[in-house]
Amino acid sequence: MLNFIGAALGAVIGVFLARRKGGNAADMAQYGAVIAIIGFLIGTLLMLVIPAPQ
């Protein structure tokens, strides 16, 4: 679950960064996709470290 939260947060942050830099729609899509992948991987690593609630 944390990996999907990380991916969604990464996509939002990526679009925000591209918009702040003055990028067009393709830039926003690319930034969103790359940072979403990074967020997904970080979320996956966090799922391995943080124990699941019982």
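In this report a residue is called buried when its relative accessible area is under 20%, exposed when that area is over 50%, and partly exposed in between, with a 1.4 Å probe and with protein chains only taken into account. By this scale phenylalanine 4, at a relative accessible area of 56%, is exposed.

The model is predicted, and local features need a pLDDT of at least 70, side-chain atom pairs count only at pLDDT 80 or more, and totals for chains, interfaces and linings use all residues. Residues are numbered from 1 along each chain as its sequence is written, and side-chain values use heavy atoms, with hydrogens and water left out.

## The chain as a whole

The chain contains two helices and zero strands. Both kinds of element are DSSP runs, numbered from the N terminus: helices are H or I runs of at least four residues, and strands are E runs of at least two. The C-alpha trace spans about 45 × 15 × 10 Å along its principal axes. The radius of gyration of the chain is 13 Å, whereas a compact globule of 54 residues would have one near 10 Å. This radius is taken over C-alpha atoms, and the globule rule is 2.2 Å times the number of residues to the power 0.38.

Of the 54 residues, 22% count as buried. The chain exposes about 4,100 Å², and carbon and sulfur atoms supply 77% of this area. Such areas come from the Shrake-Rupley method with a 1.4 Å probe; for residues, only the protein chains shown count as cover. A contact means heavy atoms within 4.5 Å. Among the contacts in the chain with a separation of 6 or more, 59% join residues 24 or more positions apart.

Helix H1 comprises residues 2-20, which makes 19 residues, and its first and last C-alpha atoms are 27 Å apart, close to the expected 27 Å. The expected span of a helix is 1.5 Å times one less than its number of residues. The 25 residues of H2 should span 36 Å by this rule, and the end C-alpha atoms of H2 are 36 Å apart, which agrees.

Which residues of H1 are buried? They are Asn3, Gly6, Ala7, Gly10, Gly14 and Ala18. Viewed down the axis of H1, these buried residues fall within an arc of 100 degrees, so they line one face of the helix. The arc is that of the directions from the helix axis to the C-beta atoms. An α-helix has 3.6 residues a turn, so residues three or four places apart point the same way. The face of H1 turned away from the buried side carries exposed residues, namely Phe4, Leu9, Val12, Phe16, Arg19 and Arg20.

Helix H2 (25-49) is part of what covers the buried residues of H1. In H2 itself, Met28, Gly32, Ala36, Gly39 and Gly43 are buried, and H1 is part of their cover.

Asparagine 3 gives one example from H1. With a relative accessibility of 10%, asparagine 3 counts as buried. Leaving aside residues up to four places away in sequence, asparagine 3 touches Gly39, Phe40, Gly43, Thr44 and Met47. Of these, threonine 44 has its place in H2 and is partly exposed.

## The aromatic pair

A search of the whole structure finds one aromatic pair. Rings of Phe, Tyr and Trp (its six-membered ring) pair if their centres lie within 6.5 Å; planes under 30 degrees apart count as stacked, over 60 as edge-to-face and the rest as tilted. The rings of phenylalanine 4 and phenylalanine 40 have their centres 5.9 Å apart and their planes at 65 degrees, so the pair is edge-to-face. Phenylalanine 4 lies in H1 and phenylalanine 40 in H2, so the pair ties together parts that are 36 residues apart in sequence.

## The loop and a table of exposure

Glycine 22 is placed in the loop between H1 and H2. Just after H1, this glycine takes a positive phi of about 85 degrees.

The table lists the relative accessible areas of selected residues.

| Residue | Relative accessible area | Class |
|---|---|---|
| Threonine 44 | 27% | partly exposed |
| Phenylalanine 40 | 32% | partly exposed |
| Phenylalanine 4 | 56% | exposed |
| Glycine 22 | 63% | exposed |
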